[in-house]
Amino acid sequence: FERLYRRFVSEDDLVVVFSDHGIRIRAPFAQLLPPRRRNYREHTTGTFVTDKTTRTFFSLSGPQIEAGLRIDKLVRSIDIAPTLLDWLDVGGLGAQGTSLKPFMTSDTQSGLPDLTAYMETGGMRTSPWRPEVRAIRTNQWKFVDHDRWGQGLYRMTGRPDDEACNLIGQGVAAEDELQVALRQQQTENCRTVCLLYTSDAADDT
């Protein structure tokens, strides 16, 4: 990074470093699987939506960005585009997500609202056009809906074993709330895709 900055980056540049997914290859896995399969180990990414797979690295540096600032609350990959557009002062341009720019100082980061992250994957067995696994993640909870292994509800505290304790069906209020949020997000995703395709078709005519 030091060599990159010295050679290519000026003081007015905005530099973004981002990974599209995490990694848990060969790591023991427990989420949703029955006890007889708890020793299952993933051999590729995109099979499940554990935090080890979905948690990514995002770094932003540039003018007027406070050095060393770390945001510990949940943010999402869809927040990157509106953040960059906000920084460039060109408007939102219809991008999904929330701009993080107003919260990227020591004085303002505590004002970042609690965001909800939607995630899905087709796994390795089904068509990528039909996700096999869908999930909703908040700062405190994750709800997973899997075509093969059922549903899971996990209290997310930052511990490595958070997703080993499935609380589905135990009367936790967050279960119903997250199921509703998941359905609403899927509906919104379909609406957004339809609008994009409709807009593209109109532009082609």
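Predicted model: local features only at pLDDT ≥ 70, side-chain atom pairs only at ≥ 80, totals over all residues.
View 1. Glu-188 counts as partly exposed because its relative accessible area is 33%, a value that lies between the limits of 20% for buried and 50% for exposed. Arg-191 is also partly exposed, with a relative accessibility of 43%.

**View 2. The chain as a whole contains four helices and six strands.** Followed along the sequence, these elements come in the order α-β-α-β-α-β-β-β-β-α. The protein chain has 205 residues, of which 31% are buried, and its accessible surface comes to about 13,200 Å², with 51% of that area belonging to carbon and sulfur atoms. Among the contacts with a separation of 6 or more, 48% are between residues 24 or more positions apart.

**View 3. The largest nonpolar core is built from nine residues.** Its members are Val-49, Leu-74, Ala-117, Met-119, Val-133, Ala-135, Val-144, Tyr-154 and Met-156. At least two residues of this core come from strand S3 (117-121), and at least two from strand S4 (133-137). Apart from this core lies another, of eight residues, including Trp-141, Leu-153, Ala-174 and Leu-178. Met-156, a member of the largest core, touches Asp-51, Arg-137, Asn-139, Gln-140, Trp-141, Lys-142, Asp-162 and Glu-163, when residues up to four places away in sequence are not counted.

**View 4. A buried salt bridge links Lys-142 and Asp-51.** The closest N and O atoms of this pair are 2.8 Å apart, and both residues are buried. The pair connects distant parts of the chain, since Lys-142 sits in strand S5 and Asp-51 in helix H2 (residues 51-54), 91 residues apart. Lys-142 and Asp-51 also belong to a network of salt bridges that includes Arg-137 and Glu-163. The structure holds 10 salt bridges.

**View 5. Strands S5 and S6 form an antiparallel pair.** Strand S5 (residues 141-146) and strand S6 (residues 150-155) pair over six bridges, and a hairpin of three residues joins S5 to S6. Val-144 has Gly-152 in S6 as its bridge partner. In a regular strand, the side chains alternate between the two faces of the sheet.

**View 6. Arg-134 and Asp-147 meet in a salt bridge.** The side chains of the two residues come together with an N to O distance of 2.7 Å. Arg-134 lies in strand S4 and Asp-147 in the loop between S5 and S6, so that the pair, 13 residues apart, links distant parts of the chain. Arg-134 counts as buried because its relative accessibility is 9%, whereas Asp-147, at 36%, counts as partly exposed.

**View 7. A nonpolar patch on the surface is formed by Leu-4, Tyr-5 and Phe-8.** Together these residues have about 300 Å² of accessible area. Tyr-5 lies in helix H1, which covers residues 2-8, and Tyr-5 counts as partly exposed because its relative accessibility is 32%.

Definitions and conventions: Residues numbered from 1 in each chain as written. Heavy atoms only, no water. Core = buried A, V, L, I, M, F, W, Y, C linked by side-chain atoms within 4.5 Å. Buried < 20%, exposed > 50% of the residue type's maximum accessible area, 1.4 Å probe, protein only. Contact = heavy atoms within 4.5 Å. Patch = residues over 30% accessible without salt bridge, like charges linked within 9 Å, V, L, I, M, F, W, Y side chains within 5 Å. Areas by Shrake-Rupley, 256 points an atom, 1.4 Å probe, with all protein chains shown as cover. Salt bridge = Lys/Arg side-chain N within 4 Å of Asp/Glu carboxyl O. Pairing = 2+ DSSP bridges.
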